[in-house]
Amino acid sequence: MKTTFATLLLSIALLGSTQASAQWTLDSNSAALNFLSTKVLINKQSITEMSGFNTLSGTVSDDGEFMLTVQLESVNTQVPIRDQRLRDWVFQVEKYSRVEISGQISKLELKDLTIGKPKGVTQSLILKTHGKVLTLKAELQLVKSADGALHVSTLTPILLDTRQLDMNLGIEKLIEVMGLASINQQIPITFYGTFTER
């Protein structure tokens with residue numbers, strides 16, 4: 001009887017330990033972080049282009065702690081010379097290699113997820129890069145699939161003002177070299193990613 005009771009206690013302890021350490025890890029092959037940039041030509045016509053980053057990593061813990069790391073070196077605009085100018089002049093990747101975005105999703109929100117049913121949440125995010133810390137608001141959609149994966153996406157773009165990150169000097173250099181009238185420094189950002197449970 002004692003042996004059976006001890007075994008039961010051990011099983012409960014192990015289960016609790018497993019649940020405490022549960023974590024979702026971003027599947028980088030299914031992830032996309034994109035941004036829109038709008039440049040205004042000398043003739044006042046505007047052109048909006050979508051770009052993104054190729055290297056992302058991230059986790060969501062069972063407590064709802066969210067972390068996403070973006071490698072700035074991996075910027076991809078589909079134009080190699082523009083990628084290099086962004087790395088050198090705007091992002092200054094030799095000094096600042098990445099962006100870290102973190103947040104705390106409500107544990108109750110995670111617990112209440114129904115498989116296959118999207119749930120919208122308003123989420124505060126902390127963005128760290130270039131020696132700056134910004135607080136952003138995001139409208140996110142969470143979906144849990146039958147295999148335990150967690151799908152996270154933005155419902156609306158997150159607006160980021162590059163001047164808050166002191167990137168305006170690099171952008172002004174882009175404007176001069178490219179012969180533009182201006183570049184909009186309000187950048188809409190979207191994200192989608194699948195986090196698999198491990």
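**Figure 1. Salt bridge between R82 and E49.** The side chains of R82 and E49 form a salt bridge, with an N to O distance of 3.1 Å in this predicted model. R82 belongs to helix α2 (residues 80-91) and E49 to strand β3 (residues 46-53), so the pair ties together parts that are 33 residues apart in sequence. R82 has a relative accessible area of 15% and is buried. E49, at 23%, is partly exposed.

**Figure 2. Salt bridge between D166 and K132.** The N to O distance between the side chains of D166 and K132 is 3.1 Å, and the two meet in a salt bridge. D166 sits in the loop between β11 (158-161) and α4 (168-178), while K132 is part of strand β9; the pair therefore ties together parts that are 34 residues apart in sequence. Relative accessibility is 43% for D166, which counts as partly exposed. K132 also counts as partly exposed, at 29% relative accessibility.

Figure 3. D161 and R163 meet through their side chains in a salt bridge of 3.0 Å, N to O. D161 counts as buried at 14% relative accessibility, whereas R163 counts as partly exposed at 47%. Side chains of opposite charge can pair when their charged atoms come close.

**Figure 4. The largest nonpolar core.** This core holds 45 residues, and L33, F53, L56, L68, F91 and F195 touch the most other members. Strand β9 (residues 132-144) gives the most to this core, contributing 5 residues.

**Figure 5. Surroundings of L56.** Which residues does L56 touch, not counting residues up to four places away in sequence? They are L26, S28, A31, A32, L33, L68, T69, V70 and F191. Of these partners, L33 and L68 are listed together with L56 among the residues that touch the most other members of the largest nonpolar core.

**Figure 6. The whole protein, as context for the close-ups.** The protein has 4 helices and 13 strands. Of its 198 residues, 40% are buried. Among contacts with a separation of 6 or more, 62% are between residues 24 or more positions apart.

Terms used. Residues numbered from 1 in each chain as written. Predicted model: local features only at pLDDT ≥ 70, side-chain atom pairs only at ≥ 80, totals over all residues. Heavy atoms only, no water. Helix = DSSP H or I, 4+ residues; strand = E, 2+ residues; numbered from the N terminus. Buried < 20%, exposed > 50% of the residue type's maximum accessible area, 1.4 Å probe, protein only. Contact = heavy atoms within 4.5 Å. Core = buried A, V, L, I, M, F, W, Y, C linked by side-chain atoms within 4.5 Å. Salt bridge = Lys/Arg side-chain N within 4 Å of Asp/Glu carboxyl O.
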